[in-house]
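Here's a walk through one chain, from the overall make-up down to a few single residues. Have the model open as you read.

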Amino acid sequence: MKNFSLFLSLFLSTLSNHSAGTIPLAFIFIIIYFIFNKKNIYISAKKIMILTISIIFILIHSILFKFNILTYTPANEFIDSFEKNFYKYVILAFYIFILSIVIQYEKREILIKILSFILIIHITSFIIQFILVYLTGYYFDFIYPITHEHSRYLLYGVESSISIYRCTGLFVEPSTYSISIFTILLSLKSLGCKNNKLFLITFLTMILSLASISFILILLYYLLKILKKIKLSYLITSILLLISLSYYSQNSFIKTQFDKINNTSSIRFNLVHVIFDRDIDLLITGSGLYGIEKEIMDGTKASCNEDNSCSTELVNRKYATPNDSGLLFYTFIKFGFISIIILYFICYPFLKNYRKMSYFTCILLTKIQFAFPLFWIFILILRRKDSNENTHCS
């Protein structure tokens with residue numbers, strides 16, 4: 001029962017697009033696990049201190065935002081969602097507190113087994129969608145019946161002569177799918193899991209999702225391996241991959257991917273420019289936990305052309321969406337240069353571990369948010385003590 005509760009809690013934590021509902025449920029199941037296993041768990045004073053600091057941090061930002069003690073005007077959507085976000089952050093803080101104890105004391109083999117099974121569930125859902133949509137043209141949407149939000153599996157914003165579908169698995173977007181399963185994979189590798197077949201299938205579905213971030217992450221993953229210790233196999237693989245990309249650059253599939261990247265690059269650069277052009281106080285402290293400037297958020301919203309045609313999300317957008325610009329940059333938007341201190345304390349236990357810092361660097365470049373429990377599962381696993389043993393996981 002306790003292992004099943006832990007599985008449900010961790011599985012719900014990986015569903016990044018449903019955090020409003022899944023975080024409370026994940027919290028309930030981790031409490032059930034904690035009750036069944038409390039005799040084998042010790043709560044240290046250090047962990048209680050970290051929880052206390054986290055709650056104080058949330059409360060200070062809540063007071064500043066609620067009573068408008070800010071140097072900017074926040075966007076209306078942040079004002080409207082303040083109470084919901086406040087409760088979510090508080091629950092998340094307590095969830096991370098309990099999860100940190102569980103991950104520290106639970107057996108490595110059990111964590112590997114549970115996370116492997118969760119990864120297989122996500123991959124299987126993706127493969128089902130992929131086979132169905134390419135054989136029949138029907139896309140089996142796992143998300144819509146639950147959230148009433150259609151998955152974004154069609155390719156928008158570029159022209160293509162071939163039918164292309166971007167499967168999303170149990171997520172709304174293919175990029176979120178790729179980032180999430182990549183985070184789970186790195187968590188497993190950090191625990192010492194050694195299952196090359198599972199890792200290969202994970203990379204394959206990331207590529208088949210056609211998310212631009214998938215290609216970037218896989219190339220970065222191997223590049224960081226090369227920088228650590230140049231092995232002939234990694235070098236040959238990377239060179240062949242680059243040659244293949246160059247050779248097939250005129251192929252309609254590859255050309256579509258490059259067109260998609262080009263169409264979004266300008267609004268991403270515009271966002272970077274406006275963020276670094278902020279007043280000095282916002283550069284130091286950021287906009288805070290609960291909001292971002294109204295003028296920036298207004299610039300991220302698409303509007304129709306004069307003929308009311310809205311064929312692409314890029315129509316008349318000045319800036320990219322802040323939370324789509326990578327965790328590192330998004331953290332800077334929210335906390336300014338203070339984010340450097342926050343990131344330092346997060347990765348301090350594994351700062352001198354090249355492998356773990358490489359994994360951490362990869363995830364910082366994705367759009368996974370610090371409000372996603374999956375991110376903290378990954379961090380807490382990185383903070384576990386190193387193990388020299390490898391474990392085969394099925």
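The chain has 18 helices and 0 strands, where helices (H or I, at least four residues) and strands (E, at least two) are DSSP runs, numbered from the N terminus. This is a predicted model, so local features need pLDDT of at least 70 and side-chain atom pairs count only at pLDDT 80 or more, while totals for chains, interfaces and linings use all residues. Residues are numbered from 1 along each chain as its sequence is written, and side-chain values use heavy atoms, with hydrogens and water left out.

**The chain as a whole**

Of the 394 residues, 49% count as buried; buried means under 20% relative accessible area, exposed means over 50%, and partly exposed is in between (1.4 Å probe, protein chains only). The accessible surface comes to about 20,500 Å², and 65% of that belongs to carbon and sulfur atoms. Those areas come from the Shrake-Rupley method with a 1.4 Å probe, and for residues only the protein chains shown count as cover. As for contacts (heavy atoms within 4.5 Å), take those between residues at least 6 apart in sequence: 74% of them join residues at least 24 apart.

Two packed helices are described by the angle between their axes and the distance between the axes. The axes here are lines fitted to C-alpha atoms, for helices over the stretch in contact, and the angles run from 0 to 180 degrees between N-to-C directions.

| Helix pair | Angle | Axis distance |
|---|---|---|
| H6 (residues 108-136) and H8 (residues 174-190) | about 155° | 10 Å |
| H5 (residues 82-105) and H18 (residues 373-382) | about 30° | 10 Å |
| H8 (residues 174-190) and H10 (residues 212-228) | about 25° | 9 Å |

Start with H6 and H8, which pack at about 155°. That makes H6 roughly antiparallel to H8; angles under 35 degrees count as roughly parallel, over 145 as roughly antiparallel, 65 to 115 as roughly perpendicular and the rest as oblique. H6 passes H8 in a left-handed crossing, meaning that the near helix is turned anticlockwise from the far one by less than a right angle, with clockwise being right-handed. On the H6 side, the residues in the contact are Ile112, Leu115, Ser116, Ile118, Leu119, His122, Ile123 and Phe126, and they meet Tyr177, Ile181, Ile184, Ser187 and Leu188 of H8. Sorted by class, that contact has 10 nonpolar, 3 polar and no charged residues. For the sorting, Ala, Val, Leu, Ile, Met, Phe, Trp, Tyr, Cys and Pro count as nonpolar, Asp, Glu, Lys and Arg as charged, and the others, Gly among them, as polar.

H8 also packs against H10, and those two are roughly parallel to each other. From H8 come Ser175, Ser178, Ile179, Phe182, Leu186 and Lys189, meeting Ile213, Ser214, Leu217 and Tyr221 in H10. The tally for this contact is 6 nonpolar, 3 polar and 1 charged.

Then there's H5 with H18, again a roughly parallel pair, with H5 passing H18 in a right-handed crossing. Leu92, Tyr95, Ile96, Leu99, Ser100 and Ile103 of H5 meet Pro373, Trp376, Ile377, Leu380 and Ile381 of H18. That one splits into 10 nonpolar, 1 polar and no charged residues.

**A mostly covered helix**

How many residues of H15 (residues 327-335) are buried? The count is 8 of its 9: Leu327, Phe329, Tyr330, Thr331, Phe332, Ile333, Lys334 and Phe335. Just after H15, glycine 336 takes a positive phi of about 60°.

**Loops with positive phi**

Asparagine 68 isn't a glycine, yet its phi is positive, about 55°. You'll find asparagine 68 in the loop between H3 (45-66) and H4 (76-80), exposed at a relative accessible area of 52%. Leucine 210, also not a glycine, has a positive phi of about 65°. Leucine 210 sits in the loop between H9 (196-208) and H10 and counts as buried, at 6% relative accessibility.

Valine 274 lies in H12 (residues 252-276). Its C-alpha is 8.7 Å from that of tyrosine 319, which is 45 residues apart from valine 274 in sequence. Leaving aside neighbours within four places in sequence, valine 274 is in contact with Ile296 and Tyr319.

Isoleucine 31 is in H2 (residues 19-37), partly exposed with a relative accessible area of 28%.
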